[in-house]
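Subject: Structure handover

Hi,

Here is the structure I promised to pass on. Please open it alongside this note, which goes through the strand pairing.

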Amino acid sequence: MIYIKRKEHFSAAHRVWNDSWDTEKNLEIFGKCSNGNYHGHNFELEVTVKGEINPETGFVMNLADLKDILNTHIIDVVDHMNLNLDVDFLKGKNPTTEILAMEFWKILAPIIKEHGAELHCILLAETNKNSIEYYGE
């Protein structure tokens with residue numbers, strides 16, 4: 001089994017908020033991230049794909065194809081957007097980094113499979129200090 005990785009970056013705004021709570025409870029749980037005027041991050045997305053090497057190409061998956069998939073289906077959709085207001089696949093969801101990674105997985109896993117590989121991990125960093133990993137479980 002071979003693992004390959006691709007990194008991309010995007011900037012986006014969001015507000016972390018639970019509609020069933022009052023402002024005080026949202027502020028207690030989410031702090032400044034619940035700001036009514038939103039806040040932004042320069043996200044780093046790292047996608048790990050796994051598979052066996054294709055004997056004809058020497059690739060698990062063509063990294064140029066992975067780049068195109070990430071840009072077309074993720075980066076072009078979320079970059080410089082308000083995740084709460086502008087991104088259809090996040091409508092009705094609290095756009096935490098965890099939820100964002102799970103939604104990215106739902107989009108990417110079947111497309112990567114069509115290219116003969118398997119999505120292994122999504123690592124999404126919203127700051128240099130805070131990141132999450134998701135393995136599709």
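How many bridges join E2 to E4, and do the two run parallel or antiparallel? There are 7 bridges, and E2 and E4 run antiparallel. One thing to keep in mind throughout: this is a predicted model.

Now the details, strand by strand.

E2 covers residues 39-51. To find its pairing with E4, go to Glu 44: its bridge partner in E4 is Ala 125. E2 also pairs with E1, residues 2-14. That pairing is antiparallel and holds 13 bridges. For a landmark there, take Arg 6, which stands opposite Val 47 in E2.

E1 has a further partner in E3, a strand of residues 81-82. Here the sense is parallel, with 2 bridges. Look for Ala 13: its bridge partner in E3 is Asn 82.

Back to E4, which spans residues 118-125. Is this strand mostly covered or mostly open? Mostly covered: 6 of its 8 residues are buried.

E5 is made of residues 131-134. The two strands are antiparallel and joined by 4 bridges. Leu 124 stands opposite Ile 132 in E5. E4 and E5 form a hairpin, with 5 residues between them.

From E1, cross to E2. From E2, go on to E4.

Best wishes

Technical notes. Residues are numbered from 1 along each chain as its sequence is written. This is a predicted model: local features need pLDDT of at least 70, side-chain atom pairs count only at pLDDT 80 or more; totals for chains, interfaces and linings use all residues. Side-chain values use heavy atoms; hydrogens and water are left out. Two strands pair if DSSP finds at least two bridges between them. Buried means under 20% relative accessible area, exposed over 50%, partly exposed in between (1.4 Å probe, protein chains only).
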